[in-house]
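My notes follow the model.

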Amino acid sequence: MQRLLAGLLAWATLLGCSSAEDEPVAPVVELFSWWTKPGEVEALEAVLAVHEARYPGAKVINAAVKDSATARDRLRTRLEDREPPDTFQANVGQDLLRWVLYNGADAAESKLEPLSGKAVLGRDFSEVFPAPVLAAAGFGGDVYAVPVNIHRTNSLFYNEQVFADLKLTPPTSLEELYAVSEELQAHDVVPIAVGAKGSWTLALLFFENLLIAKQGPDFYEKYFSGNAKSAAEPRVLDVLDESLRLWRYTNPDARQIEWDEAVAMVHDGRAAMTVMGDWAKGTLEQLGGIPGKTFGQIPFPGTAGVFVFTADTFPLPRGAPRRKDALEFLGTLASLEGQNAFNPIKGSIPARTDIETAAYDVLARAMIQDFRRDTLELALSGMAPAAFNDPVQIGLGDMVDQGDPEPARFALMNRYDILQAMKR
């Protein structure tokens, strides 16, 4: 916010000093996001540098809010008040569609404009972006946002030195994970660092990772598409019980810290592993970690062959104050230069299919290969709307706080009708 205010003040000063004879002042494009963590800020700065090189004098200000939930609440207020930013961050799938089908309305009443690949890129989106990503970034055959990356959310990160010192092998199955965790606890090392101050990380851990490891991707998709016979599916209830078993191997302060603090525990060797989307990779690198040397990244044990993905996207709001300049910035986000500047720092892989993989580190190259060959599943932010996800996340928080699966079970049963009404 300080950066935004400084930029707007400078802009206002320039406008105040200009006259009709002066050169026009480059506008300040406002980007609204929740990127405030190490790796996120630096990645955005890298792509902004590309944009300013492509459009000399252009300025893009990141109006960042500390957490995604607060950002979405503030964004809703601004869109309802018809004071949109020029573009904003949204995950593919339901997180984006909340603004396309606003309050369940027809897409004709969308808060967003459909985008033309030719207007943004000079070519059709389908020529450079994979079909599953475009499908998740669109509705009714239209694309509503530019995907800047692909994140894998079923990733386990581990400290290479901790594993080497204890002569342990990174686990590939749940039973191996439990066995390794027992050994780590015996040596007074936190097995799995979790930052669950924001309870969305619990849904990521228990549903996008543990549930798929236990019940497979087909059941994950069936259940969160609203196609299960009942919210109280025995296989889901079994996973809630299993979640509490897994929780015994996490840090005692897990509910008091953020996800990036848990990642820092792995970097420092205070914890051996963490389960997080691969934005954690960007954070580890900003802390001084080296991919494949000081830390490793593998699919969560039991989920090899499944790639649970999300993507950061940027749409064009209806009524964007600087529409032309916003479109130019979306073009930079979609460009090869923009994606190659952004993704190595963010920890993600490019959404484009025509990138040169040799420019990426060993872990990123493995993720690119997996994305191209694995079974793809959308993360929960893409599968289910906030009306379902938010109360379920709260229920998961109460579950781990109380050591009882009942709050999570109740939240699922109380909200599952939302998913059933959306059957795809």
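I took a cavity to be a set of points, on a 1 Å grid over the protein atoms alone, where a 1.4 Å probe fits but cannot get out, with lining residues having an atom within 4 Å of a point. The model is predicted, so I note that local features need pLDDT of at least 70, side-chain atom pairs count only at pLDDT 80 or more, and totals for chains, interfaces and linings use all residues. Residues are numbered from 1 along each chain as its sequence is written, and side-chain values use heavy atoms, without hydrogens and water.

Entry one: the largest cavity.
I looked up its lining and found Ala193, Val194, Gly195, Thr201, Leu205, Trp259, Ala262, Val263, Thr274, Val275 and Met276. Two or more lining residues come from each of H9, helix H12 (259-268) and strand S11 (271-275). H12 gives the most, with 3 residues.

I noted Phe32, Trp34, Ala71, Arg72, Leu75, Phe88, Gln89, Ala90, Asp95 and Trp99 as its lining. H3 supplies the largest share, 3 residues.

I found helix H9 (residues 200-215) and helix H18 (residues 386-402) packed at an angle of about 80 degrees, their axes 8 Å apart. Axes are lines fitted to C-alpha atoms, for helices over the stretch in contact, and angles run from 0 to 180 degrees between N-to-C directions. H9 is therefore roughly perpendicular to H18 (65 to 115 degrees counts as such).

Key. Helix = DSSP H or I, 4+ residues; strand = E, 2+ residues; numbered from the N terminus. Parallel < 35°, antiparallel > 145°, perpendicular 65-115°, else oblique. 1 Å grid on protein atoms, 1.4 Å probe; cavity = no way out; pocket = protein on both sides within 12 Å on 5 of 7 lines; lining within 4 Å.
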